[in-house]
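I opened the notebook to record what I looked up in this structure. The entries follow the order in which I went through it.

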Amino acid sequence: MNDCLFCKIIAGEIPSEKVYEDDQVTAFRDINPVAPTHILIIPNKHIASINELTSDDETLVGHLFTTARDLAKQEGISESGYRLIINVGPDGGQVIYHLHLHLIGGQKMRHPMG
Ligand code: AMP
Ligand code: ZN
């Protein structure tokens, strides 16, 4: 996927502040943070959105969440709390079509769900 921004970040072709990477996932700080901690956790494999998931991806998706849990602890926000958000499609506010989990915390965030 040559023209995918997040694939380029994984490949190191575009700079980012990576906070974690392994053979399945990469995590880096959002360029436009909405809270003191705002990290994006993405699969290393290009998956455009939740809509494109297959049953083969279930372990990978689980790993996105356990990575988010570990990074929340590393950031010191496990107990104060945080949000995990996945935007899907135009009405869901998805702008980048490479699946990503937002880890947002460090202050209470205004959100339509309260
Ligand atoms: P979404 O609206 O869920 O598709 O979120 C896309 C997110 O990617 C936004 O929060 C952007 O601030 C973030 N973003 C866009 N470009 C970059 C980049 N080069 N490095 C880090 N985060 C980025
Ligand atoms: Zn991609």
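**Entry 1: strand β5**

I began with strand β5 (residues 101-105): 5 of its 5 residues are buried, so the strand is largely enclosed by the rest of the structure. I noted the cut-offs for that word: buried means under 20% relative accessible area, exposed means over 50%, and partly exposed lies in between, with a 1.4 Å probe and protein chains only. Strands are DSSP runs of E with at least two residues, helices are runs of H or I with at least four, and both are numbered from the N terminus.

I wrote down the conditions before going on. This is a predicted model, in which local features need pLDDT of at least 70 and side-chain atom pairs count only at pLDDT 80 or more, while totals for chains, interfaces and linings use all residues. Residues are numbered from 1 along each chain as its sequence is written, chains are lettered from A and ligands numbered from 1 in the order in which they are written, and side-chain values use heavy atoms, with hydrogens and water left out.

Which residues of β5 lie on each side? I found Leu-101, Leu-103 and Gly-105 on one side and His-102 and Ile-104 on the other, and they are all buried, so I noted both faces as covered.

**Entry 2: the partners of β5**

I looked for pairing next; two strands pair if DSSP finds at least two bridges between them. Strand β3 (residues 37-43) is joined to β5 by 5 bridges, and the two run antiparallel. Within that pair, Ile-39 has Leu-103 as its bridge partner in β5. Strand β4 (residues 82-85) also runs antiparallel to β5, joined to it by 4 bridges. There I found Arg-83 opposite Ile-104.

**Entry 3**

I then followed the pairing through β2. Strand β1 (residues 18-21) and strand β2 (residues 25-29) pair in the antiparallel sense over 3 bridges. The two form a hairpin, with 3 residues between them. Lys-18 has Phe-28 as its bridge partner in β2, and Glu-21 stands opposite Thr-26. β2 also pairs with β3, in the antiparallel sense over 5 bridges. In that pair Arg-29 stands opposite Ile-39, and Ile-39 is the residue I had already listed as the partner of Leu-103 in β5. I recorded β2 as mostly covered, with 4 of its 5 residues buried.

**Entry 3: the zinc ion**

Which atoms coordinate the zinc ion (ligand 2)? I listed Cys-4 (SG), Cys-7 (SG), His-46 (ND1) and His-98 (ND1), at 2.0 to 2.3 Å. Donors are N, O and S atoms within 2.8 Å of the metal (3.2 Å for Na, K and Ca); water is not among the atoms, so sites may look incomplete. Along the chain, the donors follow the spacing C-x2-C-x38-H-x51-H.

The angles among the 4 donor atoms are 106 to 116°, and the site is tetrahedral. For four donors, that word requires all angles to lie between 85 and 135 degrees. The ideal angle for four tetrahedral donors is 109.5 degrees.

His-98 sits in the loop between β4 and β5. Its relative accessible area is 0%, so His-98 is buried. His-100 is placed in the loop between β4 and β5 and, at 7% relative accessibility, counts as buried. The side chain of His-100 reaches the backbone oxygen of His-98 at 2.7 Å.

How many residues surround ligand 1? I counted 16, of which the closest are Asp-30, Asn-87, Gly-93, Val-95 and His-100. A residue is near a molecule or strand if one of its heavy atoms lies within 4 Å of it.

- An N or O atom in the side chain of Asn-87 is 2.8 Å away.
- A polar backbone atom of Val-95 is 2.7 Å away.
- An N or O atom in the side chain of His-100 is 2.7 Å away.

For polar contacts I noted this rule: a pair of N or O atoms within 3.5 Å; within protein, one must be able to donate a hydrogen and the other to accept it, and residues adjacent in sequence count only if both atoms are side-chain atoms.

How values were computed: Tetrahedral: all angles 85-135°; square planar, octahedral: opposite > 155°, others 65-115°.
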